[in-house]
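Please keep the sequence and the 3D view at hand while reading.

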Amino acid sequence: MQARLAALEAEAKQARDDEAWAHLHAVVILRRGDGWVAEHFDGSQVRDAEAPTIHAALRALRAKVEGGAR
């Protein structure tokens with residue numbers, strides 16, 4: 001039970017961090033088909049990521065922009 005609670009808390013913290021990052025970087029969220037697309041323009045190129053949930057799309061986009069897995 002303790003491990004499950006810790007995992008849920010870590011997931012919630014990651015979601016809050018990703019949302020704060022999205023606000024800071026003016027990320028646009030769009031509905032596309034059955035999923036969501038998060039887009040970021042850094043002044044020279046547009047990067048995007050598509051996923052079934054908003055948070056998964058944000059996390060994937062952040063990983064693309066910052067490099068590495070989140």
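Does Lys 13 count as buried, partly exposed or exposed, and at what relative accessibility? At 45% relative accessibility, Lys 13 counts as partly exposed, where buried means under 20% relative accessible area, exposed means over 50%, and partly exposed lies in between (1.4 Å probe, protein chains only). This is a predicted model, in which local features need pLDDT of at least 70 and side-chain atom pairs count only at pLDDT 80 or more, while totals for chains, interfaces and linings use all residues. Residues are numbered from 1 along each chain as its sequence is written, and side-chain values use heavy atoms, with hydrogens and water left out.

**Overall layout**

The chain has two helices and three strands, and along the sequence these follow the pattern α-β-β-β-α. Helices (H or I, at least four residues) and strands (E, at least two) are DSSP runs, numbered from the N terminus. The C-alpha atoms fill a box of roughly 45 × 25 × 20 Å, taken along the principal axes. Of the 70 residues in the chain, 23% are buried. The accessible surface comes to about 4,800 Å², and 56% of this surface belongs to carbon and sulfur atoms; such areas come from the Shrake-Rupley method with a 1.4 Å probe, and for residues only the protein chains shown count as cover.

**The sheet and the helix on it**

The three strands form an open sheet in the order E1-E2-E3, with antiparallel pairing, where two strands pair if DSSP finds at least two bridges between them. E1 and E3 are the edge strands, each pairing on one side only, and the twist averages 25° from one strand to the next. Strand E2 (residues 35-41) pairs with E3 in the antiparallel sense over six bridges, and the bridge partner of Ala 38 in E3 is Ala 49. H2 packs on the sheet and touches E1, E2 and E3, its direction making about 145° with that of E3. For such angles, axes are lines fitted to C-alpha atoms, for helices over the stretch in contact, and the angles run from 0 to 180 degrees between N-to-C directions.

**The nonpolar core**

The largest nonpolar core has nine residues, namely Trp 21, Ala 22, Val 27, Ala 38, Ala 49, Ala 51, Ala 57, Leu 58 and Leu 61. A core of this kind is a set of buried Ala, Val, Leu, Ile, Met, Phe, Trp, Tyr and Cys residues joined through side-chain atoms within 4.5 Å. Helix H1 (2-24), strand E3 (46-51) and helix H2 (54-66) are the elements that give two or more residues to this core, and the largest share, three residues, comes from H2. Leaving aside residues up to four places away in sequence, Ala 38 touches several residues, among them Val 27, Ala 49, Ala 57, Leu 58 and Leu 61, a contact being heavy atoms within 4.5 Å.

**Salt bridges**

A search of the whole structure finds five salt bridges, each defined as a side-chain nitrogen of Lys or Arg within 4 Å of a carboxyl oxygen of Asp or Glu.

Lys 13 and Asp 17 are four residues apart in helix H1, so about one helical turn separates them; Asp 17, at 31% relative accessibility, counts as partly exposed. Arg 62 and Glu 66 are four residues apart in helix H2, about one helical turn; Arg 62 is buried, with a relative accessible area of 12%, and Glu 66 is partly exposed, with 41%. Salt bridges that share partners join Asp 18, Arg 59, Arg 62 and Glu 66 into one network.

**A residue in the loop**

Most residues other than glycine have a negative phi. Ala 26 has a positive phi of about 50° although it is not a glycine. Ala 26 lies in the loop between H1 and strand E1 (28-32), and Ala 26 is exposed, with a relative accessible area of 60%.
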